[in-house]
Amino acid sequence: MFSSHDGLCTIGELAEHLGVSVKTVRFYSERGLLPEASRSAGGHRRYGPDAVERLGMIRSLRSLDLSVPEVRRILDEQTGQGEEEGAGAGGALEDAVAGRLRALGSELAALRWREAALRLVQECPPAERPGRLRLVGAVAAPPSTASLARFWRAWLPPRMPARSVTAFLEAAVPHPPDDPRPAQVLAFARLHAFVTRPCDGGSGGRPCQPRAHGVSGARASAVLYAGLAEAYDLAGGELRRGGEPAPGEALDGFVDAYASTYDTRDTPAFRRVLAGRLAGDPRIDRYWDLTAEVISAPGGRPEPTPGSAHDWLLAALDAQVEVAAGHGGARRGPVGEASASVAPA
């Protein structure tokens, strides 16, 4: 391709051979990606035969939307200049491609979310569109769960161990679906609106934290939530099977979590007191209802949440207490001082 006697070509010849503009070749040259072999007497750039392959590689990498710094690292590694920094063979390219795939995944998730949000606005009655726009406009695309995590961190008992907090957040914070339906976009937007309002449990200003949050220490709260997590998992299995609330392993684990936390025995009297305490705690049912909408498959049975599992277990406990009372057991009366409670009802 090179017509000169010294085997070099001009910037124009190189650009023509690769089918790019002179401006493009100059751009990469000025950024050090395409070194020139020499300059002509008139000061014009001249390139050697290896420039053809190098420029072709640059074009290929840039076509994948890799940045100029990433392209430089890849080229340096190929020519041995990156070995001193410990780059393995192909490591720079592998890292760049993996990073770009992650970015594309986020971009595609954002596009799918925006499409579902647009359909949500398009399909609702005109009178409802301003309200829908305000709701979905308050949520980023793709949506972040940071506001939900902040809500629970403020709700959980103080000084609760970080590992226990993380485990609870994994169960309580729903991750938006990769390919959402409009209804799921609406549910998540409403969930975001719910957690960014002051938490009063819908009780006229009364705090939504259960009473035990004020008395449980760090170790006690960790023990309680670990036991509740196991009980909720078991109850979730019953919910998926459509099982009615009933005594069994799930309920025993549920009660034992409270009994262990407060260093007492699991007795019929304790269960009666516990049922009364739990029934009197503030509730945040709206959070769990919306969470179920976000994570459930279209047309299928609602996915269990810690909230629905708690309700199933409390219903099982209430039924057991009522049966015991009907058989001559202690009647369910005012709650004494036997136990405090803490549960994400």
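This is a predicted model: local features need pLDDT of at least 70, side-chain atom pairs count only at pLDDT 80 or more; totals for chains, interfaces and linings use all residues.

Q: How many helices and strands does the protein have?
A: The protein has 14 helices and three strands. Helices (H or I, at least four residues) and strands (E, at least two) are DSSP runs, numbered from the N terminus.

Q: And how much of the protein is buried?
A: Of the 345 residues, 41% are buried. Buried means under 20% relative accessible area, exposed means over 50%, and partly exposed lies in between, for a 1.4 Å probe and protein chains only.

Q: What share of the contacts joins residues at least 24 apart?
A: The share is 71%, counted among contacts between residues at least 6 apart in sequence. Contact means heavy atoms within 4.5 Å.

Q: Turning to packing, at what angle do helix 9 and helix 13 pack?
A: Helix 9 (182–195) and helix 13 (285–295) pack at about 150°, and their axes are 8 Å apart. Axes are lines fitted to C-alpha atoms, for helices over the stretch in contact, and angles run from 0 to 180 degrees between N-to-C directions. The two helices are therefore roughly antiparallel to each other; angles under 35 degrees count as roughly parallel, over 145 as roughly antiparallel, 65 to 115 as roughly perpendicular and the rest as oblique.

Q: Is that crossing left-handed or right-handed?
A: Helix 9 passes helix 13 in a left-handed crossing. A crossing is left-handed if the near helix is turned anticlockwise from the far one by less than a right angle, and right-handed if clockwise.

Q: Which residues meet there?
A: Helix 9 contributes Gln-184, Ala-187, Phe-188, Arg-190, Leu-191, Phe-194 and Val-195, which meet Arg-286, Tyr-287, Leu-290, Thr-291, Glu-293 and Val-294 of helix 13. By class, this contact has eight nonpolar, two polar and three charged residues. Ala, Val, Leu, Ile, Met, Phe, Trp, Tyr, Cys and Pro count as nonpolar, Asp, Glu, Lys and Arg as charged, and the others, Gly among them, as polar.

Q: How do helix 1 and helix 3 cross?
A: The axes of helix 1 (residues 11–18) and helix 3 (residues 50–63) come within 11 Å and cross at roughly 55°. The pair is therefore oblique, and helix 1 passes helix 3 in a right-handed crossing. Leu-14, His-17 and Leu-18 of helix 1 meet Ala-51, Val-52, Leu-55, Gly-56 and Arg-59 of helix 3.

Q: Moving on to helix 7, which of its residues are buried?
A: In helix 7 (residues 146–155), Ser-147, Leu-148, Ala-149, Phe-151, Trp-152 and Trp-155 are buried. Their cover includes helix 8 (162–172), helix 9, helix 10 (218–241) and helix 13.

Q: Which residues do the ring pairs link into a cluster?
A: Phe-151, Trp-152, Trp-155, Phe-168, Phe-194, Tyr-225, Tyr-287 and Trp-288 are linked in this way. Rings of Phe, Tyr and Trp (its six-membered ring) pair if their centres lie within 6.5 Å; planes under 30 degrees apart count as stacked, over 60 as edge-to-face and the rest as tilted.

Q: How many aromatic pairs are found in the whole structure?
A: The search finds 15 aromatic pairs. Phe-27 and Tyr-28 form one that is edge-to-face, at 5.3 Å centre to centre with 75° between the planes. Phe-27 is partly exposed at 30% relative accessible area, whereas Tyr-28 is buried at 8%.

Q: Now the backbone: where is the cis peptide bond?
A: A cis peptide bond joins Ala-141 and Pro-142, with omega about -5°. Pro-142 lies in the loop between helix 6 and helix 7.

Q: What is the phi of Arg-159?
A: Arg-159 has a positive phi of about 65°, although it is not a glycine. Arg-159 lies in the loop between helix 7 and helix 8 and is exposed, with a relative accessible area of 64%. Asp-263, also not a glycine, has a positive phi near 55°.

Technical notes
Residues are numbered from 1 along each chain as its sequence is written. Side-chain values use heavy atoms; hydrogens and water are left out.
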